[in-house]
Amino acid sequence: SPPEEVEDASEPTKRDRSHLENTLKLNEEKPADDVSGVLQRLRKIYHSSIKPLEHSYRYNELRQHEITDGEITSKPMVLFLGPWSVGKSSMINYLLGLDDTPYQLYTGAEPTTSEFTVIMHGPKLKTIEGIVMAADSARSFSPLEKFGQNFLEKLIGIEVPHKLLERVTFVDTPGIIENRKQQERGYPFNDVCQWFIDRADLIFVVFDPTKLDVGLELEMLFRQLKGRESQIRIILNKADSLATQELMRVYGALFWSLAPLINVTEPPRVYVSSFWPHDYHPETHRDLFLKEEISLLEDLNQVIENRMENKIAFIRQHAIRVRIHALLVDRYLQTYKDKMTFFSDGELVFRDIVEDPDRFYIFKSILAKTNVSKFDLPNREAYKDFFGINPITSFKLLSQQCSYMGGCFLEKIEKAITRELPDLLGSIGLGKKPNVLSCDVTGCGETPKNRYRKP
């Protein structure tokens, strides 16, 4: 009957999803590459060479970042950040084909996502409470307990039996609302964001071209993204809602407002498209939007393929920070011991050192040590708080942290940073790309040919 046809016509047409399946290789029945051996070695290096020093110098009280076994074995994490109602949840629904299923994430013009939603793989569709997720030490989310009950009520997990989630986990975050105070959220929103940012392999910061207000909460967020620039991808979503000329203006305005927030020599990659299942608006750049979407999917695929390399690099970076922290605490302690006399008041002597470490060349002396970059040095102020909680007398010098059987803590972590972790990285590189090291490419020691000179 005619009325039904009218109803059908008003239903927006859906786009073909084949490019999604092809780019993300969702239909390939290839055996998952076995990384369990590499993970075992990585865990062993972490537990034997990095963790002892971390515990001995209470590193997690400085950075609040202790690595759990769940984190070492976890899948790559993709984090979605951005103002409210820019299409973060719609984008996840689209990538996973959750539209019109009972488990699609709520979407709408109002701020709909008030929770941190973790979308992960499971045998059947199921929702998991945050309190349950944090209690399960096998998952990588148990450290989130420290943000308190209020936060755990705002954390939710959804298990979906989807091929893509066998290899990656998505995290949807509450939209940034510029005129809202931190305390109104009832939990430390920025600290929670920082926890996810520290662990994310890819960070999508999503914008809506019709509302590009960069306010305080967003500025704060970009401050937290410092040092993670290579993981950030900017997404200008809902691009088919604007005419071409208008879209170009918005693109320029977005760069203009983000430039002071991201000070890197290379601007972050911006993807311009409409990430949802409906067909693009007529008279817009359909080909461009589709190409941009495929580039983004390739980016996502790259992160999945390189997950082991990223994991090893992450643990190595962590080890470098732990080593620098240990060297600093050791230096503070050595300075304290040198300054103490029989008649000194320990409290006063140490307060002097903590208040003005530069007078005692504490940070400069660490830079004089090999392979420490000034950019890796922690904040001096952080050590005032750190020693406020941990008295200097509760630590031992590095030279005393040795045992006959176990060797010295410092030597072990240095060996992990310079030899063991790079070797582990090399072993997977060889397994994946044997042809790169063949003689055709390297010439195996022959003099390289000048390919610009005619023979």
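Of the 455 residues in the chain, 44% count as buried, buried meaning under 20% relative accessible area, exposed over 50% and partly exposed in between, with a 1.4 Å probe and protein chains only. This is a predicted model, in which local features need pLDDT of at least 70 and side-chain atom pairs count only at pLDDT 80 or more, while totals for chains, interfaces and linings use all residues. Residues are numbered from 1 along each chain as its sequence is written, and side-chain values use heavy atoms, with hydrogens and water left out. The chain has 18 helices and 10 strands; these are DSSP runs numbered from the N terminus, helices being H or I with at least four residues and strands E with at least two. Among contacts in the chain with a separation of 6 or more, 78% come from residues 24 or more positions apart, where contact means heavy atoms within 4.5 Å.

Helix 13 is a handy place to start on the packing. Helix 13 spans residues 307–339, and its axis comes within 10 Å of that of helix 3, the two crossing at roughly 10 degrees. Axes here are lines fitted to C-alpha atoms, for helices over the stretch in contact, and angles run from 0 to 180 degrees between N-to-C directions. That makes helix 3 roughly parallel to helix 13, going by the scheme in which angles under 35 degrees count as roughly parallel, over 145 as roughly antiparallel, 65 to 115 as roughly perpendicular and the rest as oblique. On the helix 3 side the contact uses Val38, Leu39, Leu42, Tyr46, Ile50, Leu53 and Glu54. Their partners in helix 13 are Met308, Lys311, Ile312, Ile315, His318, Ala319, Val322, Arg323 and Ala326. By class, the residues of this contact between helix 3 and helix 13 come out as 12 nonpolar, 1 polar and 3 charged. For that count, Ala, Val, Leu, Ile, Met, Phe, Trp, Tyr, Cys and Pro are nonpolar, Asp, Glu, Lys and Arg are charged, and the others, Gly among them, are polar.

Helix 12 (residues 286–305) also meets helix 13, with axes that come within 5 Å and cross at roughly 65 degrees. Here Val303, Ile304 and Glu305 of helix 12 touch Arg307, Glu309 and Asn310 of helix 13. The contact of helix 12 with helix 13 has 2 nonpolar, 1 polar and 3 charged residues.

Then there is helix 14 (residues 346–355), whose axis comes within 10 Å of that of helix 13 at a crossing of roughly 135 degrees. That makes helix 13 oblique to helix 14. The crossing of helix 13 and helix 14 is right-handed; a crossing is called right-handed if the near helix is turned clockwise from the far one by less than a right angle, and left-handed if anticlockwise. Helix 13 brings Tyr332, Thr335, Tyr336 and Lys339 to this contact, and helix 14 brings Gly346, Val349, Phe350, Ile353 and Val354. Those residues of helix 13 and helix 14 divide into 6 nonpolar, 2 polar and 1 charged.

On to the cysteines. The structure holds 1 disulfide, a disulfide being a pair of cysteine sulfur atoms within 2.5 Å. Cysteine 402 and cysteine 408 form it, with their sulfur atoms 2.0 Å apart. The link of cysteine 402 and cysteine 408 is right-handed, at 110 degrees about the S-S bond. Cysteine 402 is partly exposed at 36% relative accessible area, whereas cysteine 193 is buried at 1%.

Some loop residues deserve a look too. Most residues other than glycine have a negative phi. Arginine 58, however, has a positive phi of about 45 degrees. Arginine 58 sits in the loop between helix 3 (36–56) and helix 4 (60–63) and is partly exposed, with a relative accessible area of 26%. Tyrosine 361 likewise has a positive phi, near 55 degrees. Tyrosine 361 lies in the loop between helix 14 and helix 15 (362–367) and is exposed, at 53% relative accessible area.

Threonine 13, in the loop between helix 1 (2–10) and helix 2 (18–23), is exposed with a relative accessible area of 53%. Threonine 13 and histidine 278 are 265 residues apart in sequence, yet 5.8 Å apart in space, C-alpha to C-alpha. Leaving aside neighbours within four places in sequence, threonine 13 is in contact with Pro277, His278 and Asp279.
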